[in-house]
Amino acid sequence: MLVVDYPTPAIDLQAQLIGTLEVDASTHCLVVRMEVSTPVVDGQHRVRFETSYQLVDVAWPTGWSIAIRDGEVALIDAMGQTAARLGDEVYVGGGFVTPKQADAIPCTGHEWVFRASGLSGP
């Protein structure tokens with residue numbers, strides 16, 4: 001899990017990351033598993049979509065952490081409240097930035113991390 005202390009930009013990033021809160025088995029980092037659909041054209045020019053999944057590093061806001069609550073891994077917000085639990089579908093506001101911009105080292109090795117401004121409902 002990436003937790004960083006970055007200044008709040010004058011204008012927040014406007015993207016939304018939707019996925020499942022998971023632990024990357026190879027790095028033991030808290031990530032969001034995002035579904036990716038890719039169009040594929042067959043020999044008869046018909047389009048179908050193949051679904052794959054990508055693990056996304058999230059740089060959570062200052063003061064956010066992880067803890068064990070009621071025997072489960074939980075994402076804790078800056079107020080100490082449970083924001084989400086492992087396996088929950090999450091809607092994360094923010095946007096993709098370089099690890100340098102987020103002052104973070106990505107667990108998955110990707111060139112981008114999602115700098116979160118918080119969670120919202122579906």
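**Notebook: rings and charges**

I began at Phe96, which is partly exposed at 41% relative accessibility (buried is under 20% relative accessible area, exposed over 50%, partly exposed in between, with a 1.4 Å probe and protein chains only). I am working on a predicted model, where local features need pLDDT of at least 70, side-chain atom pairs count only at pLDDT 80 or more, and totals for chains, interfaces and linings use all residues. Residues are numbered from 1 along each chain as its sequence is written, and side-chain values use heavy atoms, with hydrogens and water left out.

Next I looked up ring pairs (Phe, Tyr or Trp, the last by its six-membered ring, with centres within 6.5 Å; planes under 30 degrees apart are stacked, over 60 edge-to-face, the rest tilted). I found 2 aromatic pairs. Trp60 and Trp64 are stacked, at 5.7 Å centre to centre and 10 degrees between the planes. Both Trp60 and Trp64 are buried. Phe96 and Phe114 have ring centres 5.0 Å apart and planes at 85 degrees, so I noted them as edge-to-face. Phe114 is buried, at 0%.

Then I turned to salt bridges (a side-chain nitrogen of Lys or Arg within 4 Å of a carboxyl oxygen of Asp or Glu), and I noted 5 of them. One of them joins Arg33 and Glu22 at 2.6 Å, N to O. Arg33 also has its charged end over the ring of Tyr53, 4.3 Å from the centre (the cut-offs are NZ of Lys or CZ of Arg within 6 Å of the ring centre and within 35 degrees of the ring normal).

My last stop was Arg85, which meets Asp70 at 3.5 Å, N to O. Shared partners link Asp70, Glu72 and Arg85 into one salt-bridge network.
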